[in-house]
Amino acid sequence: MNMQGQAQEKIWNSKFIFSWLANFFAFTTMYYLMSTIPLYTTEILEGNKSDVGMLFALYAVAGVLARPLAGRLLDSSGRMKVAWASLLLLFLSVFAYSWAVGMMALLALRFVHGIFWGFSTTSLATVATDVIPVKRRGEGIGYFGLSMSFAMLLGPWLGLTVLHSFDYDVMFLVVSVIAALSCACLLGIRYEGKAVKGGQSGGFLERKILPYATIVFFMAVGYSAILSFIVLFSQELGIENASIFFFVNAIAVIISRPCAGKMADKHGPAGTMCIGFATFFLTFICLYFAQGLEMLIGAALLMGIGFGILYSLCFVLSINAVAPARRGMANGTILTAFDIGFSVGSMGLGAVSMMMGLRSMYLLCAGIVMIPWVIYYLHDMRGQQSKADLLKTI
């Protein structure tokens with residue numbers, strides 16, 4: 001292989017590194033504010049739990065509305081134009097938190113912030129998938145996903161540490177600096193990312209990958225059951241500090257994502273996806289039978305492995321199924337499906353838990369996460385087996 005070919009096969013090129021860093025800083029701002037905005041709402045604005053829920057719901061709804069449009073603009077107007085505009089506006093919306101001194105102002109800002117968040121993360125994911133070598137796409141997307149995992153570890157800890165050490169003014173200043181760093185990383189991406197032929201046709205969603213989007217939707221429903229209620233469930237088990245769950249889960253995701261990508265690139269996605277579905281299913285079985293810390297940590301480990309595998313490979317399968325001109329639309333479709341699933345799960349399963357309790361709700365989730373496994377079997381595995389049987393008869 002010549003030097004040019006070797007360079008093309010390299011994942012950690014400068015464009016990928018700066019895309020990774022930009023995404024890491026962007027996600028850090030989200031997790032940073034996720035841990036501090038509830039306190040700001042209740043302590044400074046004298047809001048209640050309902051207000052906090054509304055703040056997060058508006059943020060999620062805004063992301064759902066933004067992602068399909070972001071995907072279309074990425075394909076029709078050029079990657080870097082959309083990335084620069086969205087990250088600059090994301091920085092301005094984060095910077096504006098210092099002036100949100102009333103509940104209505106904060107609600108409006110969260111909606112605006114959610115829109116630019118949806119644009120930013122969709123554009124960065126699309127830039128990353130463009131610059132990853134095709135033959136190492138699974139591995140590369142797994143590595144890119146680590147930017148979110150590391151942000152999950154750093155963001156909440158940093159936000160609460162700054163808040164407890166200083167005050168809200170300093171807390172908002174620090175998160176603004178992090179958002180500015182995300183923008184600055186774009187300076188290191190020497191990449192034209194021009195509009196591509198065919199990028200303006202076909203609406204706002206990529207129909208070719210709707211089966212994978214449906215898989216992601218049901219995964220997000222199950223994921224929401226854990227993220228939204230695991231702290232309350234931990235208290236029911238007599239565990240006051242549930243941070244160990246999030247720590248173990250993040251470590252498992254960090255390990256599983258690149259490993260899953262390598263396995264899929266070498267051996268195909270079917271076996272790796274089945275491992276992901278099985279471990280995600282066992283997560284909820286483990287929670288249903290949990291009586292103490294040991295089973296809770298086991299569930300965190302299983303969830304990190306299962307979700308890390310499935311989320312990464314659904315992106316890979318989606319990108320592989322479309323032309324380069326439709327990658328922005330594909331990313332927007334997958335991310336929209338996740339946002340909708342998470343929102344539906346948070347609200348719907350919250351009502352279910354009121355009727356049947358959290359333990360029974362997790363058992364129900366074990367059944368829910370079987371649905372995407374069936375969809376994957378019908379769409380991919382059965383089709384592959386049919387093709388193999390046909391070839392044997394020729």
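Me: Why does Glu46 count as exposed?
Reply: Glu46 has a relative accessibility of 71%, and exposed means over 50% relative accessible area (buried is under 20%, partly exposed is in between, with a 1.4 Å probe and protein chains only), so Glu46 counts as exposed. This is a predicted model, in which local features need pLDDT of at least 70 and side-chain atom pairs count only at pLDDT 80 or more, while totals for chains, interfaces and linings use all residues. Residues are numbered from 1 along each chain as its sequence is written, and side-chain values use heavy atoms, with hydrogens and water left out.

Me: Where is Glu46 found?
Reply: Glu46 is in the loop between helix H2 (14-43) and H3, where a helix is a DSSP run of H or I with at least four residues, a strand is a run of E with at least two, and both are numbered from the N terminus. Glu46 is not a glycine, although it has a positive phi of about 60 degrees. The chain has 14 helices and zero strands, and buried residues make up 53% of its 394 residues.

Me: What makes the pair of Asp339 and Arg67 a salt bridge?
Reply: The closest N and O atoms of Asp339 and Arg67 are 2.7 Å apart, and a salt bridge is a side-chain nitrogen of Lys or Arg within 4 Å of a carboxyl oxygen of Asp or Glu, so the pair is a salt bridge. Because Asp339 lies in helix H12 (residues 327-356) and Arg67 in helix H3 (residues 49-77), the pair ties together parts that are 272 residues apart in sequence. Asp339 counts as buried at 13% relative accessibility, and Arg67 counts as buried at 5%.

Me: How many salt bridges does a search of the whole structure find?
Reply: The search finds two, including one between Arg79 and Asp130, whose closest N and O atoms are 2.7 Å apart. This pair links distant parts of the chain, with Arg79 in helix H4 (residues 79-95) and Asp130 in helix H5 (residues 103-131), 51 residues apart. Arg79 is buried, with a relative accessible area of 2%.

Me: Why is His113 called buried?
Reply: The relative accessible area of His113 is 1%, which is set against the limit of under 20% for a buried residue, so His113 is buried.

Me: Is Leu293 buried or partly exposed?
Reply: Leu293 has a relative accessible area of 37%, so Leu293 is partly exposed. The largest share of the nonpolar patch, four residues, comes from H9.

Me: How do the residues of the lining of the second largest pocket divide?
Reply: They divide into seven nonpolar, one polar and one charged, where Ala, Val, Leu, Ile, Met, Phe, Trp, Tyr, Cys and Pro count as nonpolar, Asp, Glu, Lys and Arg as charged, and the others, Gly among them, as polar.
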